[in-house]
Amino acid sequence: MLTIAVSKGRIYEEALPLLEEAGIRPVDDPKTSRKLILQTTRDDVQLVIIRATDVPTFVEYGAADMGIAGKDVLLEHGAESLYEPLDLNIATCRLMTAAHKDAPDISRRVRVATKYVKTAKKYFAELGIQADIIKLYGSMELAPLVGLADCIVDLVDTGNTLKANGLEPRDLIMNISSRLVVNKAAMKMKHQAIQSLLDQFEKTLAKR
Ligand code: ATP
Ligand code: PRP
Ligand code: MG
């Protein structure tokens, strides 16, 4: 049995066509079902539905053989303990700094609100900017509006969320997409099954 960890929402939606090409169609729809383990049309493959930030943890400990996770999440988790064999090119966006449109450029010291604490620390350290990081779990865009922070580090796609809150994108930290990650032991123990799935995904991606 191969267990694949995916998060509900955009990753699941965008991964579905890839999975389908490999003959994997979940029997229940996670939008309507409360089940956390989904059987699929392949008896040797099941999906576990978890929070996006938990995917690397499940895969690292072997609770799932493989998973699909955003590069933002992998950077923050530290991905040395996982194989990352494939860029699936789904859920693409940018990790950026953003600030109020009238705010001055970032200087030597800055207060940053983000859920990407490790990544933000590293980014500002490399620029020689002293950053006081405030950890948030969401709605980062609010922080500059209420004086909690000078800027944020968050994901930007269309830019609509920033715009709707009077913020503007400033500097690109990294282009983000979702990656296939594989547990290291599973890669050895279940090599054939995993490799053939990797080949399938690769074939589908090459056609895009
Ligand atoms: P939760 O809703 O459980 O708190 P989440 O907000 O991280 O988690 P999603 O919004 O589904 O869950 O994001 C999952 C992944 O999709 C992110 O890690 C990122 O890689 C990517 N992503 C997030 N927001 C966007 C976006 N607006 N456009 C494109 N990709 C995105
Ligand atoms: C994500 C991200 C940004 C927004 C960026 O939020 O955290 O807020 O998308 O996308 P945009 O540039 O197209 O506006 P999401 O929609 O996932 O909501 P969430 O707060 O529930 O994570
Ligand atoms: Mg989100």
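How do the residues of the shell around ligand 2 divide into nonpolar, polar and charged? Two are nonpolar, five are polar and two are charged. That answer comes from a predicted model, so a word on confidence belongs here before the tour goes on.

The mean pLDDT of the protein chain is 97. Of its residues, 100% reach 70 or more. The scores for the model are ipTM 0.98 and pTM 0.97.

Now back to ligand 2. Gly138 belongs to its surroundings, and so does a run of neighbours: Asp154, Leu155, Val156, Asp157, Thr158, Gly159, Asn160 and Thr161. Two elements each give two or more residues to this shell: E9 and helix H5 (160-164). The top contributor is E9, with three residues.

E9 leads on to a sheet. Five strands build this open sheet, and their order is E8-E7-E9-E6-E10. The pairing is mixed. Which strands stand at the edges? They are strand E8 (130-135) and strand E10 (167-176). Each has a single partner strand, so one side of each is left without a neighbour in the sheet. From one strand to the next, the twist averages 30 degrees.

Look next at one pair inside this order. Strand E6 covers residues 93-100, and strand E9 covers residues 151-156. The two pair in the antiparallel sense, over six bridges.

Ligand 1 is the last stop. Around ligand 1 there are 16 residues. Those that come nearest are Gly9, Gly70, Ala91, Cys93 and Asp157. Helix H1 (10-21) and helix H3 (71-77) are the elements that give two or more residues to this shell. Its residues divide into seven nonpolar, five polar and four charged.

How values were computed:
Residues are numbered from 1 along each chain as its sequence is written. Chains are lettered from A and ligands numbered from 1 in the order in which they are written. This is a predicted model: local features need pLDDT of at least 70, side-chain atom pairs count only at pLDDT 80 or more; totals for chains, interfaces and linings use all residues. A residue is near a molecule or strand if its C-beta atom, placed from the backbone, lies within 6 Å of it. Helices (H or I, at least four residues) and strands (E, at least two) are DSSP runs, numbered from the N terminus. Ala, Val, Leu, Ile, Met, Phe, Trp, Tyr, Cys and Pro count as nonpolar, Asp, Glu, Lys and Arg as charged, and the others, Gly among them, as polar. Two strands pair if DSSP finds at least two bridges between them. Axes are lines fitted to C-alpha atoms, for helices over the stretch in contact, and angles run from 0 to 180 degrees between N-to-C directions. pLDDT is the predictor's confidence in each residue, from 0 to 100.
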